[in-house]
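Hi everyone, thanks for coming. I'll walk you through one structure today, so let me put it on the screen.

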Amino acid sequence: MSIPREIVLASANAGKLREMRAILAPLGLAVRAVSEFTDGSAVEDGLSFVENAIIKARFAAEASGLPAIADDSGLEVDALGGEPGIRSARYAGAGADARANNQKLLEALSEVPPAQRSARFRCAMVFMRWPLDPAPLVSQASWEGRIATQAHGAGGFGYDPLFLPAGLPGTAAELDPDAKNMLSHRGNALRGLVTALAEMAQDR
Ligand code: IMP
């Protein structure tokens, strides 16, 4: 199989699309957004990041007729038993924005000292050649850090203003987009997926 020249990205999140296009564009891959093909969205009722990524990729491949890449990601906080996890986007309720989610997270951790605020972003990234592809490519990665006691920075999206990546002085929202892509769960999962795609193309 050759690497496709055009793929659809299942995400509707502008921040994620920007980050993923930055990694895929140099490969000469034309990247379309699923919103170009449908107003609908997938029902993300999986119980893991991998399941939800497959559901989203299947939906995007079906809507577009193109091979699809989808990711599902979220924040896992140890002091909260892994919450918000797969509920990261709607932690403060259905339709909650990032500010409300971050506020809820700060409140949930208000009694937790810095040393116990360990957390990580996780990402599952999948590639499906067609909607009923029985062998999706799957790549997973994580990004270790801690949750700050107050928000800092205006870059990124979601929980970035509260996420202190291990080994860095500030939050993920204080990194420029290229620096974040080099380090992040999504950047690493996507690079892993690109490597797997290239290997798959070689095997055929
Ligand atoms: P998804 O769109 O279903 O993958 O949900 C991901 C949610 O996890 C987002 O809405 C954010 O709240 C959070 N999230 C995932 N990746 C990041 C990141 O890189 N920075 C900040 N928040 C993230």
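Before anything else, keep in mind that this is a predicted model. Let's begin with some strands. Find strand 5, residues 137–147, and look at what pairs with it. Strand 5 and strand 6, which covers residues 163–165, run antiparallel and share 3 bridges. If you want a landmark there, take Ile147: its bridge partner in strand 6 is Phe163.

Strand 5 also pairs with strand 4, residues 118–128. That pairing is antiparallel too, with 10 bridges. The landmark here is Phe127, whose bridge partner in strand 5 is Leu137.

Where does it sit? In the largest pocket. Two elements each give two or more residues to the shell around it: strand 3, residues 68–77, and helix 5, residues 185–203. Strand 3 provides the largest share, with 3 residues.

So who's in that shell? There are 16 residues around the ligand, and the ones that come nearest are Lys16, Ser73, Asp160, Lys180 and Arg186. Sorted by class, the shell has 7 charged, 5 polar and 4 nonpolar residues.

Asp160 has a polar side-chain atom 2.7 Å from a nitrogen atom of the ligand. With Ser73, look at the backbone instead: a polar atom there is 2.9 Å from an oxygen atom of the ligand. And Glu44 places a polar side-chain atom 3.5 Å from a ligand oxygen. How much of the ligand does the protein bury? On its own the ligand exposes 490 Å², and 90% of that is buried by the protein.

One last stop, away from the ligand talk. Which two residues are joined by a cis peptide bond? They're Glu83 and Pro84, with omega at about -5°. For context, most peptide bonds are trans. To find Pro84 on the screen, go to the loop between strand 3 and helix 3, which is residues 98–108.

Technical notes. Residues are numbered from 1 along each chain as its sequence is written. This is a predicted model: local features need pLDDT of at least 70, side-chain atom pairs count only at pLDDT 80 or more; totals for chains, interfaces and linings use all residues. Side-chain values use heavy atoms; hydrogens and water are left out. Two strands pair if DSSP finds at least two bridges between them. Helices (H or I, at least four residues) and strands (E, at least two) are DSSP runs, numbered from the N terminus. A residue is near a molecule or strand if one of its heavy atoms lies within 4 Å of it. A polar contact is a pair of N or O atoms within 3.5 Å; within protein, one must be able to donate a hydrogen and the other to accept it, and residues adjacent in sequence count only if both atoms are side-chain atoms. Accessible areas come from the Shrake-Rupley method with a 1.4 Å probe; for residues, only the protein chains shown count as cover. On a 1 Å grid over the protein atoms alone, a cavity is a set of points where a 1.4 Å probe fits but cannot get out, and a pocket is an open set with protein on both sides within 12 Å along at least five of seven lines; lining residues have an atom within 4 Å of a point. A molecule sits in a cavity or pocket if more than half of its atoms lie within 2 Å of its grid points. Ala, Val, Leu, Ile, Met, Phe, Trp, Tyr, Cys and Pro count as nonpolar, Asp, Glu, Lys and Arg as charged, and the others, Gly among them, as polar.
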